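Hi,

Here is the structure I promised to pass on.

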Amino acid sequence: MKIEFDVRELLPLFEPLLAALRPRRRQRAQILMARTAYAEALAALSSREPEFAVFLLGPRGHPAVTHVVPDTTGEGTPASFRIGAPRLNEVLAKFAPLGLDGKGFWHTHPPDCERLSEGDLTYARRLLANPKNDAHEILMPVLSGGLVFPYVVRRDRPTRAVAAELVLF
Ligand SMILES: [Zn+2]
């Protein structure tokens with residue numbers, strides 16, 4: 001007996017396998033932020049001259065930002081934002097017992113200066129290079145001229161600011 005079949009009939013069987021092998025499109029970058037954290041950050045950022053920063057914190061193992069802490073060390077200058085390692089470690093140590101870890105920084109720029117500067121990217125790159133940091137991305141939104149420009153910097157391409165979508169909840 002001879003069994004004949006059309007090879008195309010087999011395709012549906014292989015479709016899940018083919019789908020799994022296909023390179024997946026990268027998920028669009030997102031910054032998930034609680035509305036309470038958003039409001040608190042905006043108030044803090046608007047109250048000081050650029051470049052002023054707030055830490056973005058959220059539950060460990062989840063990308064959401066639920067808490068913000070203004071940087072009060074005053075290391076930022078009009079041309080660059082910088083938070084010293086001691087202050088960063090102090091904040092992280094304070095919130096770790098609550099199950100929160102660092103997600104990134106939101107800082108201000110002068111008006112019409114909506115992109116991350118080379119200095120900002122260098123700062124992010126240095127944080128990602130720290131062996132104690134296992135985050136795959138750092139959230140780096142910018143507030144400039146009253147507008148929010150959400151960026152993330154990813155470990156696999158730390159020289160580039162990726163435009164993200166800001167999702168409030
Ligand atoms: Zn900056």
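Before the details, one term: I call two residues "in contact" if their C-beta atoms, placed from the backbone, lie within 7 Å. Also keep in mind that this is a predicted model.

Leaving aside neighbours within four places in sequence, Trp106 is in contact with Ala41, Leu45, Ala53, Val54, Leu56, Pro141 and Leu143. Trp106 also belongs to the largest nonpolar core, which has 30 residues; together with Val54, Leu56, Val68 and Met140, it touches the most other members. Strand E2 (residues 53-59) gives this core its largest share, 5 residues. In general, nonpolar side chains in soluble globular proteins tend to be buried together.

Is Ala53 buried or exposed? The cut-off for buried is 20 or more other C-beta atoms within 10 Å; Ala53 has 28, so it is buried. Ala53 is also 8.1 Å from Ile83, C-alpha to C-alpha, though 30 residues separate the two in sequence.

Now for helix H2 (residues 35-46). Ala37, Ala41 and Leu45 are the buried residues I'd point to in H2. They cover an arc of only 55° around the axis, so they lie on the same side of H2. Their cover includes strands E1 (30-33), E2, E3 (67-70), E4 (100-109) and E6 (142-144). The face turned away from that buried side carries exposed Arg35, Thr36, Ala43 and Ser46.

Cheers

Definitions and conventions
Residues numbered from 1 in each chain as written. Predicted model: local features only at pLDDT ≥ 70, side-chain atom pairs only at ≥ 80, totals over all residues. Core = buried A, V, L, I, M, F, W, Y, C linked by C-beta atoms within 7 Å. Buried ≥ 20, exposed ≤ 12 C-beta atoms within 10 Å, placed from the backbone. Helix = DSSP H or I, 4+ residues; strand = E, 2+ residues; numbered from the N terminus. Arc of directions from axis to C-beta.
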